[in-house]
Amino acid sequence: MAAIRTYDASTVGSQEVIAVVKKRQKPGMILFCTFSGILLAMGIIGFFIENYVLFAIMLIFLLPFLIPAIIFIYRYTHPMKCRPLKKNPVVLNQADWMFKNLIAQNDLVVVSQNFFAPKSDISAIIPVQEVLLMYKRVIQTNFTTMNFWVVDTVRGTTQIPYLKNQEPLVEQSVNYIIQLCPLARIGHNQENLNYREYMKTMWEQTQINQEAGQSQVRQ
C-alpha cells in the first residue's frame, strides 16, 4: 500500500491541485501518444519498403489516436483548461488558504477552518459553509464492494472512497468536520434528503436574486 502523504503549512495548495489535474491526463496522453507513434512508424516503414498495406493502416487509424493524443497533451500543458479548474478557478485560492491554515488531517482528509478535501483528490475542495449532508454509501457488485463517504453540498456531491477497515476513521472524520459545518446533517434518511433539497433550492434562488441585483446595478 502506498504511503499516505502528509501536509504542512509550507505546502502550496494551488501547486498540489495543479499537479493532481495534470496527473489525470498522463495515462491517456501516454496511451494515445504510444499508439500514434507506433502507427506513424508503421506508415513510414510501409512507405519506404513499398508495403502500402502498412501505409494504409496508418492512414486509417492514425487520426482516431492522434486527435485524443493532442487533446491530452494540450490539457497536460494547460491544466487551467481542465476540470475542475476551468469550472471553478477559485479552487486554487481555496487550496492555498486551506494548506496555510491546516488544523487537522488523517489518511482520508485534510481540514482547515473553512475548507476540507479528500486526500484521494485534493482538487475536490469543499467549503464547510456549503455542506448540507454527509453519509456512508456502499455499492456492491458481483466482483467487489465499494465504500464511499458522501458529502452533499449546495453545489453538488463529492464521494470519498475508503476501505472497509477505515470505517472508524470515517466516523472520526465526520464527527470532527460536522462541528465546522453550520448547515450540515448526518445520515441518509428521507427527512435529511428533504432538508438537502430545500436548502439547495433556497441557495439557487439566492444566487439568482444576487445575479439579478448585480445586473440592475450595472444597468
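Is alanine 69 buried or exposed? Alanine 69 is buried, at 2% relative accessible area. The close-ups below come from a predicted model.

**View 1. Alanine 69 sits in helix 2.** Helix 2 covers residues 52-77, and alanine 69 is one of them. Buried here means under 20% relative accessible area, so alanine 69, with 2%, counts as buried. Setting aside neighbours within four places in sequence, alanine 69 is in contact with Phe32, Cys33 and Ser36.

**View 2. Threonine 158 belongs to strand 7.** The strand takes in residues 157-162. Threonine 158 has a relative accessible area of 17%, so with the cut-off at under 20%, threonine 158 is buried too. If you skip neighbours within four places in sequence, threonine 158 is in contact with Ala124, Ile126, Trp149, Val150 and Val151.

**View 3. Helix 1 crosses helix 3.** Here we have residues 13-48 (helix 1) and residues 91-100 (helix 3), with axes that come within 6 Å and cross at roughly 125 degrees. That angle is why helix 1 counts as oblique to helix 3. On the helix 1 side, the contact is made by Gly13, Ser14, Glu16, Val17 and Ile18; helix 3 brings Val91, Leu92, Ala95, Asp96 and Phe99. Sort the residues of this contact by type and you get six nonpolar, two polar and two charged.

Note on methods. Residues numbered from 1 in each chain as written. Predicted model: local features only at pLDDT ≥ 70, side-chain atom pairs only at ≥ 80, totals over all residues. Heavy atoms only, no water. Helix = DSSP H or I, 4+ residues; strand = E, 2+ residues; numbered from the N terminus. Buried < 20%, exposed > 50% of the residue type's maximum accessible area, 1.4 Å probe, protein only. Contact = heavy atoms within 4.5 Å. Axes fitted to C-alpha atoms, helices over the stretch in contact; angles between N-to-C directions. Parallel < 35°, antiparallel > 145°, perpendicular 65-115°, else oblique. Nonpolar A, V, L, I, M, F, W, Y, C, P; charged D, E, K, R; others polar.
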